[in-house]
Amino acid sequence: MHKIELPRKVIVGEGAIYEIKNVCNELNLKSPLIFSGNFTKKFADIVCSEVGGKVVSVDNELNEINAEINKNLNFGFVCGVGGGSTIDKAKIYAFNNKLPFISIPTAASHDGIASPYASIGGGVSVKTNSPLAVIADTTIISNAPKNLTASGFGDAVSNFTAVLDWKLARDEKKEYFGDYAASLSNMSAEIVLQNSDKIFSDISILVEALISSSVAMAIAGSSRPSSGSEHLFSHALDMLSEKYKFKQALHGEQCGVGTIISSYLHEIYSHKNKEGWKKIRGALKDVGAPVNAKELGIDEKYVIEALKFAPKVRNRYTIFNKFNLERDAEKILKECKVIE
Ligand SMILES: [Zn+2]
């Protein structure tokens with residue numbers, strides 16, 4: 001049986017945050033527990049002034065958050081107002097407490113803004129519910145730091161290789177493959193790639209691509225359409241950063257570099273379209289996203305180790321399974337200019 005659960009309402013536009021009251025009325029939601037980060041508290045306060053509820057900071061210690069929550073256990077829904085990690089924490093809280101969730105992203109930094117998946121750190125994602133509503137205020141999002149937008153761009157283009165990996169798993173391992181979800185995901189990547197010069201002047205292009213990418217995952221019932229080998233590489237970097245105590249880059253930045261590597265490998269494996277990886281690299285450069293270890297701010301030795309380790313991150317069949325990365329990681333990374 002294949003169950004699909006999608007957001008009921010998606011609102012994208014200037015000043016969209018003020019639609020929260022209408023959304024709550026239409027969905028019959030009252031009394032939100034509002035998660036925000038310290039930099040995004042002013043937006044959480046707007047939500048609170050419109051519909052009431054209580055704002056808690058995800059930057060506080062967990063017991064402080066719980067103390068705030070315990071003062072009032074009658075929350076009707078959960079709102080996440082902030083960047084990727086705020087949205088993820090709110091989504092997980094909502095899921096664990098069986099409460100509806102509204103996603104109000106303040107940056108277009110990754111495709112978790114509307115997806116039924118949340119990162120819990122250290123390269124691990126968990127399945128949750130899709131948000132009941134997504135409110136993406138383009139005035140707020142277009143004022144987010146540029147590196148967050150560039151990161152979102154990296155996460156969107158990563159759909160190219162995620163879909164190629166998914167096809168490979170269908171062809172070689174008879175894995176379930178959803179044509180519609182795959183096409184939707186691929187189209188999101190195609191649209192942002194074609195409009196890389198407009199990403200900062202018209203943020204709605206990227207926001208809509210990230211939402212479509214989330215919806216593709218909800219339709220597929222797995223993260224396959226938007227998470228392939230390039231994500232394994234990013235997860236491997238996250239894991240190694242905990243082990244060796246170096247600072248990881250943003251999720252979408254790491255996935256963008258992973259997409260360069262994975263598209264390069266797909267092109268070698270399929271013996272066709274030998275220039276695609278360069279096009280992706282050029283587009284990432286255009287939006288100011290990192291394209292190599294140096295720009296990620298990560299030592300080359302960790303990037304090499306991450307590529308060797310990536311196939312072991314989780315049991316997901318990808319292009320990495322077609323290469324001897326233990327032996328060739330360094331050579332491959334040099335060939336696609338990720339290391340010098
Ligand atoms: Zn991602």
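Two strands are taken to pair if DSSP finds at least two bridges between them, where strands (E, at least two residues) and helices (H or I, at least four residues) are DSSP runs, numbered from the N terminus. The views below come from a predicted model, in which local features need pLDDT of at least 70, side-chain atom pairs count only at pLDDT 80 or more, and totals for chains, interfaces and linings use all residues. Residues are numbered from 1 along each chain as its sequence is written.

**View A. Strand β8 and the strands that pair with it.** Strand β1 (residues 9-13) pairs with β8 in the parallel sense over 5 bridges, and Gly13 stands opposite Asp137 of β8. Strand β5 (residues 101-105) also pairs with β8 in the parallel sense, over 2 bridges, with Ile102 opposite Ala133 of β8.

**View B. Burial along strand β8.** A residue is called buried if 20 or more other C-beta atoms, placed from the backbone, lie within 10 Å of its own, exposed if 12 or fewer do, and partly exposed in between. In β8 (residues 133-137), 5 of the 5 residues are buried, so the strand is largely enclosed by the rest of the structure. Ala133, Ile135 and Asp137 point one way from β8, whereas Val134 and Ala136 point the other way, and all are buried.
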